[in-house]
Amino acid sequence: MTSSPQGTLGIDFGTSNSAIAWADKQGVARLLPLEGQASAMPTAVFYNAEDLSTHFGRDAVAQYLGGTTGRLMRSLKSLLGSPLLQETTLINHRQISFQDIIAIFLATLRERATASLGAPPKRVVMGRPVHFVDDDPERDALAQRSLLQAAQSVGFEDVTFQLEPIAAALDYERRLQTETIVLVVDIGGGTSDFTVVRLGPQRMARADRAADILATTGVHIGGTDFDQKLSLEQVMPMLGYRHLGPQQREVPSRVFFDLSTWHLINWLYQSRALSQARDLRSNYSDPHLHQRLMKVLNHRLGHHMAHELEQAKIRCSNLNDSTTLDLSFVEKGFAVELAPSDMRAHLDALLKRVVACARDCVQHAGVGDAALGAIYLTGGSSALRPFQAALQAEFAGVALVEGDLFGGVAAGLAYS
């Protein structure tokens, strides 16, 4: 039997993307490949109903978008701490819980780590947000226990947890030449987390870093919430959201909120939900909008729409220019524009809450902005242009430093 390699595996199990890193006994960390040479992998599972195979990451998304019949699961981390986690769903003729689907994804991470290392890793540090669930310590603790159980069920033995923004700080510390105080900003798919921490080359060797952590805060808002808001404002009106019916009443909105939320989309494909959506017909003045909604639900196009919205958001942010969501897979010629001004207007309220959480962190730390050497950005959604503009406006004069958006937390976890 092959012995376990000496070192620590860091697992960043994210809402939208996941990554793993290995630190050997000399303390040198490296990201491990998860898909080809890519070290970050979408947190996605696709169950192929045609040949009963299971696919992960980019392969899972490609299978779904390619029209293969099956079920796509994303944003699984959002279910931690929720009663939905233990609910079962019928997949390829068997009932499976969402907790088990998380375990299956973690098993794949373990298999791919083992392939890189030559033997299964024993010691694992898993990342966790500052709050899995806001303002509910019991559900927050339940979320961590559920993730621990999933990890142990697939063979991980020595499992501990570290806050994701602290892990990001430990990764950033490797680049510093002098001691400084840093606000670490980790904007992931499901949460926004902040840490004010004292870092420096002389501090790296200390076993206990508790005294260096000046404050931590977090809020349950992330990239999937930005996507939901943009979808509600730009796409869902084309399916009937806020549409006035014959009695000048709006169409009931529940279906549109669920259709804009990655981890709830699958529920809309069940027979009861489809029946409820069909019953909305009498609430519409324009039957075409209802027909479009039913086409999306009957042909299970919800995730495809969500994917197109996410990609449009990224294009609009990166290019700082208008872009088009091509929704012709729903209806010939169907498209929606997304402009930078739309992004700013629709995300303003959410971004204010996220930036306010960052401000709270600095206040709890008891330091002024002048004491901050940098604001270190990690997590894919931290690259969003409107967010960076809002953060820079709040902390004028403090340099924004963009780290490894998808691998920094995993490397920091391995350093832990």
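This is a predicted model: local features need pLDDT of at least 70, side-chain atom pairs count only at pLDDT 80 or more; totals for chains, interfaces and linings use all residues.
**Entry 1: α5 and α9**

I began with α5 (223–235) and α9 (302–319), whose axes lie 10 Å apart and pack at an angle of about 105°. That makes α5 roughly perpendicular to α9 (65 to 115 degrees counts as roughly perpendicular, under 35 as roughly parallel, over 145 as roughly antiparallel, and the rest as oblique). Axes here are lines fitted to C-alpha atoms over the stretch in contact, with angles from 0 to 180 degrees between N-to-C directions. Helices are DSSP runs of H or I with at least four residues, strands are E runs of at least two, and both are numbered from the N terminus.

I then looked up who touches whom, with contact meaning heavy atoms within 4.5 Å. From α5 I noted Gly223, Asp227, Leu230, Ser231 and Val235, which meet Met305, Leu309, Glu310 and Lys313 of α9. By class I got 4 nonpolar, 2 polar and 3 charged residues in this contact (Ala, Val, Leu, Ile, Met, Phe, Trp, Tyr, Cys and Pro count as nonpolar, Asp, Glu, Lys and Arg as charged, and the others, Gly among them, as polar).

Residues are numbered from 1 along each chain as its sequence is written, and side-chain values use heavy atoms, with hydrogens and water left out.

**Entry 2: α5 and α10**

Next I followed α5 to α10, where the axes come within 10 Å and cross at roughly 130°. That makes α5 oblique to α10. On the α5 side I listed Asp225, Phe226, Lys229, Leu230, Glu233 and Gln234, and on the α10 side Asp342, Met343, His346, Leu347, Leu350 and Leu351. This contact has 6 nonpolar, 2 polar and 4 charged residues.

**Entry 3: α10 and α11**

How do α10 (residues 340–365) and α11 (residues 385–394) cross? I found their axes within 9 Å and at roughly 45°, and the two helices are therefore oblique to each other. Met343, Leu351, Val354, Val355, Ala358 and Arg359 of α10 touch Pro386, Phe387, Ala390, Leu391 and Glu394 of α11. I counted 9 nonpolar, no polar and 2 charged residues here.
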